[in-house]
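Hi everyone, thanks for making time. I'd like to walk you through one model today, so let's bring it up on the screen.

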Amino acid sequence: MQNFKKGRHLYSAYSLQKRLLLFSSSIILLISSSLISVAQTKPLINSTLNGIVSDATTGETLIGASIQIQGTTHTASTDNKGKFNFVTGQKFPYTLIVSYVGYKTAILVVDGSPVNVRLEPEASQLNDVIVVGYGQQNRKTLTSSVATVSAKQIEDIPAAGLDQKLQGQASGLLVSANTSVPGSGIFIRVRGSSSINASNDPLYVVDGVFINNRTLQSITTGGQQTSPIADINPGDIESMEILKDANATAIYGSRGANGVVLITTKRGKLNKKAKVDFGYYHGVSKAIKFWPTLTGEQEGILQNETWLNDGGAFNLRPFRPKSEGGLGLPEEQVTIDRVGLIFQNAPTDNFDLSVAGGDAKTSYYLGGNYFNQEAIVKPDRFRRASFRINLGHQFDEKIKIGVSANLVSTFRNMTPNNNVPNGTVNGALYTPVYLPLYNEDGSYARPSLFENPVAAIKETIFKDVGSRVTANAFGEYKITSGLKFRTSWSIDFNESKAVNFYNSKLQLGQAPVNGTGTTALNRNVTLINEQLLTYDKVWDNIHQFNATVGNTLQKETFENTSVTGVGYPTDEFSQISSSASQTGTSSESQAGLVSFFGRLSYGYNGKYMIDASVRADASSRFGKDNRWGYFPAVGIAWRASQEEFIKKLNLFSELKFNASYGSTGNQNGIPDFAALGLWNGGNNYLNTAGILPFQLANPNLKWETTTQLNLGVNMGFFADRFNVELNYYDKYTSNLLLQQPISQKLGFATIFSNSGEISNKGFELALNGQLIAQKSFSWNARINISTNKNKIEKLNTPILDNRTIMQQGSPLYSFYAHKQLGVNPENGDVLFEDLNGDKALSDADLQIIGDAWPDFYGGLGNEFTYGDFDLNVFFNYSLGNSIWNNTRYRMGHGGSRNGVFAQLQDQLDRWQKPGDITEVPRLTTKGNNASIIPDRFLEDGSYVRLKTVSIGYRLPKKILAKHHISNVRIYLSATNLLTFTKYKGVDPEVNTMGSNQNVMGYDQAIASQPRTFQAGFNVAF
């Protein structure tokens, strides 16, 4: 089962293509004109013009700029030094038109003297060249929906991973940090969720290398997982493009269903002297909010009240004088702040050093990074050291080669968290505050079912050391004018070694276990080879044509080896070899994909554009008759602003309508051999090796497929100072890859099959504007607003999971409970809705009470400059989403509490006597008040957060020039400064079930996102 698996890469050769094309065209035109002149026996006028083209702001020469003599077909382009040389039969003087993508066109009259053309950059991003699948396109002629996030937008956000930095930065992109632990997984969706068992995460492509975002964590911490995306150093990133619609993603085939994040890292430039950049920042983080727990006295009062409401005898109430055998009177109880013991003011340090430049043929970029962040909850920590090298070499006008490589070493110190009794936060929060922290002999007290938080911090050994190499090498050959062949090889090698040890002082290692430890080694290797043939042609500056065909071979291997030891002689011995009993396991699986793809693009006069693509993927994960999936797409665009009748309106500087339709596939997230019947070894009997059936075959298993319609409009006003982009999308996913239950008579519990359909529909609005553009002061603003309506269109059997339900007709992430109508003021019992009218409460009265999808989400950014000062203020928001507050449920529901869990302050508002009006019922561990879970723990999770505020100052260039320094910027910033919300938990941005993609907005014992203050500087030489 070793087929090859798909791959793809992006590359940055558009400018090279263009200048070679224009240069070749000029040679052909010169030869043609010469032959015509000879044939007509007319004398040849030999006029020569020399010049150079550069950036008017920076003075940087522009390679591949287009030069044309007005009214003729004479064209040329600048060489790798920004120079051009015209030898034509045109008499002087004549008018020259000089243009370059992203710059204003210059028109000047020349008389034969050398010219120095300085082009002014365009103010609008509509003129940017952006990276798309297997190429580049001008934003103005784009037929797809693509959002761009620049390095500047995210540079002052002190997050370990780039995925968290993306929060609120682009329309259609929903990002939520599941936990405050650095380096852990992030919930990220592009235009909704389209799958149940297959992955919903987008594809990440870095400089042509497909980043495998499969977590290597195999030792659970209780709900959260490490994030492979945290291996990428954000300081190396130049820009990111988020491909959202089918026309942009279909060329990526089986990975494009969930969107694609294309990441371009920084690179050197030809004929540029070495530029050295150094940056450092130090930050301090602290928790924003803590849980409002009761005091020891209040706990005693409420537990006595519960005892009496349950019918217990007064003289046996738990909190009575110790002389009577009780725990002491309520007023005698102490209050131990366990929560305060586990939190800290956590430091963050980040160092970035890079050098970039190039000579006439070779460009280079070398970048190093060291990042060290401690969590606000002890003792979690994440460290990353990385080194990146990007090289490009132009042998001659035909041959070019390049290498990109990134080497990363990571270290994580972890503890159990969130969803397990031995978790640090659970032990601190849920243990009643009056119970002792230590026993009389000084040992750790464990008076309830939860771990002692101090023991969890000091005694647990839980470390994860990772190594990763992502690299890409390519060769490019210009066959003829406009026709190029490119081949590339890439690798993503990711390895993790996790060591976990619970000694005898911990809950999991206490007698009779006497210590337990696990060492796990996981390795994931992805190998990709690609071939790409591209052809670009422009006729008469009117017809633009591009054709791309390619092939991808991909192979992925995943290996796991794990050894567990139980029973250690003393706590000082923690190696597996020291244990009394040892067990081990190992596994290896492979997946392959072979792909063919192609794309045709045509543009007429910069006014009408159409492109179409198709990709065919064959995966080893499906049955032999269903391995191939075919994913076509088409997009069209009309730049109405180029029409004369639109120009006469004098309203738009840009007006473009675009539409696209296509399909993409999904196979990620299912096992490597999901369609095969499998047997499992290790089922031994009397020391004899044996095997048993492990998985039932389904040869009919096939691709999960998503089709998508996108309709968009782009508008620019006042010379593109203000830009508006509006998109509507309609996604429909069919043949869901589901692990469905089957009859036990077959000997198996489940089977992978295609069943179910999901839809996502929504609008996206992005506004950008230069509100003030003066020499001394500027104000740029941007806002994006997105909506998404998710719905399960078909599903045979409802799926219940942690207060959530997936059923036909409802959205994913729907919450399921009994609806509370109030509390009976006469007896304090909860009043529930009798949904079926049978006057009895049962599962038949359960109903969907809300879902975790926001009605609106997005971000708002403001950038101000005044002289050498800059100010950035950024908000992100989520409105209309619901959160299941399981922390409140655990600490405020009789059936859950039972005197084992601590309680929250809102329990003081409980019903106590007839006539009381409240939503908190009479305290009891009996009856419906305890046995039925009400919806009062589902809360509005809407929030608006002041995500980032940063202020910077650039030292005057006149001062720096004396010391041969090109730039110095110092800055101060604050993150998560303010949060406006009605949510009663500590943070509305939570998800306990970070490892379960089908649960969102579930809060259980998760610390708040930290508020961080940082200071830093950047120096460039």
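**A walk through the model**

Let's begin at Trp884, which touches Arg803, Phe815, Ala817, Ile849, Ile933, Pro934, Asp935, Phe937, Leu938, Gly1001, Tyr1002 and Asp1003, leaving out residues up to four places away in sequence. Contact here means heavy atoms within 4.5 Å. Before going further, a word on conventions: this is a predicted model, where local features need pLDDT of at least 70 and side-chain atom pairs count only at pLDDT 80 or more, while totals for chains, interfaces and linings use all residues. Residues are numbered from 1 along each chain as its sequence is written, and side-chain values use heavy atoms, with hydrogens and water left out.

Back to Trp884. Together with Ile196, Leu812 and Tyr813, Trp884 has the most contacts inside the largest nonpolar core, a set of 26 residues. A nonpolar core is a set of buried Ala, Val, Leu, Ile, Met, Phe, Trp, Tyr and Cys residues joined through side-chain atoms within 4.5 Å. Buried means under 20% relative accessible area, exposed means over 50%, and partly exposed lies in between, using a 1.4 Å probe and protein chains only. Apart from that core lies another, of 23 residues, including Ala170, Ile188, Val209 and Ile242. In soluble globular proteins, nonpolar side chains tend to be buried together.

Helices (H or I, at least four residues) and strands (E, at least two) are DSSP runs numbered from the N terminus. Which way do the side chains of strand 12 point? Ile186, Ile188 and Val190 go one way, Phe187 and Arg189 go the other, and all are buried. In a regular strand the side chains alternate between the two faces of the sheet. Strand 11, residues 173-177, runs antiparallel to strand 12 and is joined to it by 5 bridges; Leu174 has Arg189 as its bridge partner. For pairing, DSSP must find at least two bridges between two strands.

Strand 1, residues 47-55, pairs with strand 4 in the antiparallel sense over 6 bridges, and Leu49 stands opposite Phe86 in strand 4.

The other sheet has 4 strands in the order 3-2-5-6, with antiparallel pairing. Strand 3 (75-77) and strand 6 (106-110) each have a single partner strand, so one side of each is left without a neighbour in the sheet. The twist averages 25 degrees from one strand to the next. Strand 5, residues 94-99, pairs with strand 6 over 5 bridges in the antiparallel sense, and Leu96 has Leu108 as its bridge partner in strand 6.

A helix next. Helix 5, residues 296-309, has 14 residues and reaches 20 Å from its first C-alpha to its last, close to the 20 Å expected at 1.5 Å a residue. That expected span is 1.5 Å times one less than the number of residues. Among the buried residues of helix 5 are Gly296, Glu299, Leu302 and Gln303. Just after helix 5, Gly311 takes a positive phi of about 95 degrees.

Finally, a few charged residues.

Arg945 sits in strand 49, residues 943-954, and counts as buried at 1% relative accessibility. The residues Arg945 touches include Asp987, Glu989 and Phe874. Asp940, in strand 48 (residues 938-940), is partly exposed, with a relative accessible area of 41%. A polar contact of 2.7 Å joins the side chains of Asp940 and Ser942.

Definitions and conventions
Axes fitted to C-alpha atoms, helices over the stretch in contact; angles between N-to-C directions. Polar contact = N/O pair within 3.5 Å; in protein donor to acceptor, adjacent residues only side chain to side chain.
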